[in-house]
Amino acid sequence: MRPRQDLYPGYDVLAKRESPSWNAKTRAVLDERLAIGPETHRFFDEAEWPTMKAIATRIVPQPADRTTPVPVAALVDHKLAIGEHDGYRDAAMPDEREAWRQGLRALDAEARARFGSRFHQLGAWAQDQLLRLAEAGGLMDPAWQGMPSKLFFKHRILGDVVKAYYAHPTAWNEIGWGGPASPRGYVRMDFDRRDPWEAAEAKPGREDEAYAENLRVGD
Amino acid sequence: MPTLPDRAPCPPERRHGGPGTILKRRVAPVPVEAAVHPVVVLAAVAAGAGLLTWFAAGRSKRLGPAPSEGRRYAPRGSAVTASAAQRLNHASSMLAASVLFDSGLEHYRGQFFNRAMYTPVIVSSVTLASSLHGAGDTDPGSSQVRHAAQALAGLTGLIGFCFHAYNVGKREGGYSLQNLFYAAPIGAPMALTLAGLLGLAAERVRDADPDKPRLGGWPAGRMLALATAGMLVGTTLEAGLLHFRGAFQNPAMLVPVTLPPLAAALLVRAAGQPEGASQVGAKWGMWAVSSMGVGGVAFHAYGVARMMGGWDNWRQNLIDGPPLPAPPSFSGVALGGLAALELIERRRFRL
């Protein structure tokens, strides 16, 4: 498979930090998020933490040479530690904090039962097997305590992990997102129009134009 | 499996030079970094076209010394028509300036997507120069260059109206309120037509018999009064549409949809009265609409400040917020109404 193209060459959303695009509140929120390191965890205990990190690596793999990889597991931990709930949950699921603890324990138990070692010690193939089974609702170990593995995968793993990934500026750079539009939003909202403070998408053969535009988003 | 590129903040030269790859410099089809911004070029072209018009219209002539014995016209009559003509030029200047800045701003927002979007900027600059030239010209007698420039403005506005009407109509939903709100503003180009019409009227009034000025076969004062009343109603429709879009969230937004129609009604009444009759009510109406147009700029500036980020975020809010250059078009039309009243009263007005 071909490597994915760099669609927004030269784009760095953090260049907008001091521009009129962001205000003090936006900067404060981003500073708090960027202070979270890859190993920061307050909610998960030492037994759960490696499992959480292993799941994050399988769900949103990142290139090894990223200078600032998204601390996905730590962002999920942060959300659970500050107790910020989604505000809704499936009636068959426990509270999201409890769901994560039960689910991680259950995945570890399943890994031991099927492969004889803990989840994070397994190879990528075995981990994917377990995650696929969870997605299909095929994991029934008593450690799940009645929580359907299908719902755990759908609401907690997919929901929390993917949202954590796309809550980080590194992911924003990848998809050309402009970060919080607060206070400066967007003016030119027709098809294929672009404000000067928006990421410029590289058209094939015209990457240099996009690169030059992307250096100016912080003006 | 696809590997995601490293999107961390660092210059791309380093990113592209991974181990084992040959460091490839970006050799450019980079567009030649224009030394001047295209908008600066447009501004220079518009200003140049204006200056050319000014010089082409020739030296403005001052009124000669005391009227000589053999003069055909009673001095009072020619003083009235000259004053009315100048006032019409003021009206046209106001409208042309409003169009110049408004179309410049809004078409910049539209990124001059269609080449035709440059037209109103240049034509309104030509009209503005021609009207300012006329405003300083106290000589009775028209100028062909100014006449031509004003006719060009009138025509350009009509063509622009067709363009905007097409732009609204081609969108999904056609002539729905949604498209009338957010597509090209359908009434805006007509302001340029109004500038042209008032400028044309100025030249015609200069040429007319000072004792019995006529426009298109009708008494000039009445004709102009009815015309400007119609223009006021048209401008009110445009403001009404956009203020309705803004949900009249500030009670002051009701003023431009109530005061101008009232003033227009006074103008129509004035047109029905015999020449020479005093028109105090209509006159005050016109002054009120005039000052409303100027005050509107302050209100719109307040509107910009109210948007998120306020004036610090001017690059968004000046475009997205209430348009600063729009309200003076009311003042322009009202000044035209004052000129009409001067012709009806047969008396010069002073401030």
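Mentor: Helices here are DSSP runs of H or I with at least four residues, strands are runs of E with at least two, and both are numbered from the N terminus. This is a predicted model, in which local features need pLDDT of at least 70 and side-chain atom pairs count only at pLDDT 80 or more, while totals for chains, interfaces and linings use all residues. Residues are numbered from 1 along each chain as its sequence is written, and chains are lettered from A and ligands numbered from 1 in the order in which they are written.

Trainee: In what order do the elements of chain B run from the N terminus on?

Mentor: The secondary structure of chain B comes to 12 helices and two strands. Read from the N terminus on, the order is α-α-α-α-α-α-α-β-β-α-α-α-α-α.

Trainee: At what angle do the axes of α2(B) and α4(B) pack?

Mentor: Two packed helices are described by the angle between their axes and the distance between the axes. Axes are lines fitted to C-alpha atoms, for helices over the stretch in contact, and angles run from 0 to 180 degrees between N-to-C directions. For helix α2 (residues 38-56) of chain B and α4(B), the axes lie 8 Å apart, and the angle is about 35 degrees.

Trainee: How many nonpolar, polar and charged residues does the contact of α2(B) with α4(B) have?

Mentor: Residues are in contact if their C-beta atoms, placed from the backbone, lie within 7 Å. The contact includes Leu42(B), Val45(B) and Trp54(B) of α2(B) and Ile122(B), Val126(B) and Leu128(B) of α4(B). With Ala, Val, Leu, Ile, Met, Phe, Trp, Tyr, Cys and Pro counted as nonpolar, Asp, Glu, Lys and Arg as charged, and the others, Gly among them, as polar, the contact has 12 nonpolar, five polar and no charged residues.

Trainee: How do the residues of the contact of α4(B) with α5(B) divide?

Mentor: The axes of helix α4 (residues 119-135) and helix α5 (residues 144-169) of chain B come within 9 Å and cross at roughly 145 degrees. Among the residues that meet are Val123(B) and His133(B) in α4(B) and Arg146(B) and Ala153(B) in α5(B). The residues of this contact divide into six nonpolar, eight polar and one charged.

Trainee: Is Glu39(A) buried or exposed?

Mentor: Glu39(A) sits in the loop between α1 (24-34) and α2 (48-59) of chain A. A residue is buried if 20 or more other C-beta atoms, placed from the backbone, lie within 10 Å of its own, exposed if 12 or fewer, and partly exposed in between. Because Glu39(A) has 11 other C-beta atoms within 10 Å, this residue is exposed.

Technical notes: Two residues are in contact if their C-beta atoms, placed from the backbone, lie within 7 Å.
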